[in-house]
Amino acid sequence: MLDRIRIVLIGTSHPGNIGGVARAMHNMGLADLALVAPRCDVLTQESISRASGADHLLHRAAIHATLEDAVADCTLAVGASARSRTLPWPMISPRELAERLPTECRPANARIALVFGREDSGLTNAELQRCHAHVHIPTNADFSSLNLAAAVQVLAYECRMAWLTQADAPPAQEDDEEAALASHEELERYFEHLERTLIAIEFHDPAQPRQLMARLRRLYLRARPEKMEMNILRGILSATEKAAQPNTTPR
């Protein structure tokens with residue numbers, strides 16, 4: 001289960017924080033680290049020193065240009081944030097996240113991304129809306145600021161506790177491929193197709209979006225469609241596009 005969990009850091013600006021995250025991950029048995037557009041060098045004396053023996057995670061960390069690339073193969077993305085600043089999004093606690101992991105990690109293609117934002121500004125609204133849910137660490141309201149590595153440590157601990165809890169349980173039978181969840185990449189292709197179709201039938205006006213696509217994104221991310229269901233939905237969109245085309249057949 002722990003092998004299927006990826007820690008994603010976006011726009012990290014301090015190499016010491018990346019090293020501290022690597023140490024927190026290794027402490028709890030996590031090994032998949034992805035960095036999105038880091039604003040500092042990843043391998044420095046400080047990052048290696050802060051990793052305290054977990055620097056092998058720094059050497060093999062994947063570096064991506066965008067969040068979409070970092071989570072393309074993931075079936076669940078959870079953003080660490082206190083709130084969505086535009087639309088309310090499903091919000092869970094670290095403990096609730098941990099309770100979901102045994103089920104989330106069951107499908108054969110399962111890959112979970114825990115996404116953390118910049119030290120100074122966190123995640124943008126667009127990044128938050130690419131996550132299925134948001135996780136909030138209930139800190140002291142009078143002093144809520146958490147160091148990046150500390151935030152990762154809290155969630156990594158909960159992941160490990162969930163793994164230890166289910167370690168003695170009989171192995172769950174993995175779902176067959178037909179029931180596998182759609183990946184983040186497949187969902188993003190669907191959202192692009194959906195918006196294109198809605199524009200074609202004049203249901204959606206990009207000049208006056210009124211948060212339509214954000215609300216539809218929230219709906220489908222909440223529904224967690226399977227690959228087969230996604231294929232059906234894409235087929236419906238293709239048929240809709242075809243039906244909406246002007247009939248050019250001579251009369």
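## Helix H5 pair

Glu-104 and Arg-100 lie four residues apart in helix H5 (residues 94-104), so about one helical turn separates them. In this predicted model, the two residues form a salt bridge whose closest N and O atoms are 3.1 Å apart. Glu-104 has a relative accessible area of 10% and is therefore buried, while Arg-100, at 30%, counts as partly exposed.

## Sheet

The seven strands make an open sheet with parallel pairing, in the order S3-S2-S1-S6-S4-S7-S5. Strand S3 (62-64) and strand S5 (91-92) are the edge strands, each pairing on one side only.

Strand S1 (residues 5-10) runs parallel to strand S2 (residues 32-36), and five bridges join them. Within this pairing, Val-8 has Ala-34 in S2 as its bridge partner. Helix H1 (residues 15-27) lies across S1 and S2 and runs at about 160 degrees to S2.

The structure holds 14 salt bridges. One of them joins the side chains of Arg-6 and Asp-73, with an N to O distance of 2.8 Å. Arg-6 belongs to strand S1, and Asp-73 to the loop between helix H4 (67-70) and strand S4 (76-80), 67 residues apart. Arg-6 counts as buried at 10% relative accessibility, whereas Asp-73 is partly exposed at 41%. Both residues are part of a network of salt bridges that links Arg-6, Asp-32, Asp-73 and Arg-111.

The side chains of Arg-196 and Glu-241 also meet in a salt bridge, at 3.2 Å from N to O. This pair connects helix H8 (residues 184-200), which holds Arg-196, with helix H10 (residues 227-244), which holds Glu-241; the two residues are 45 residues apart. Arg-196 is partly exposed, with a relative accessible area of 46%.

Terms used: Residues are numbered from 1 along each chain as its sequence is written. This is a predicted model: local features need pLDDT of at least 70, side-chain atom pairs count only at pLDDT 80 or more; totals for chains, interfaces and linings use all residues. Side-chain values use heavy atoms; hydrogens and water are left out. Two strands pair if DSSP finds at least two bridges between them. Contact means heavy atoms within 4.5 Å. Axes are lines fitted to C-alpha atoms, for helices over the stretch in contact, and angles run from 0 to 180 degrees between N-to-C directions. A salt bridge is a side-chain nitrogen of Lys or Arg within 4 Å of a carboxyl oxygen of Asp or Glu. Buried means under 20% relative accessible area, exposed over 50%, partly exposed in between (1.4 Å probe, protein chains only).
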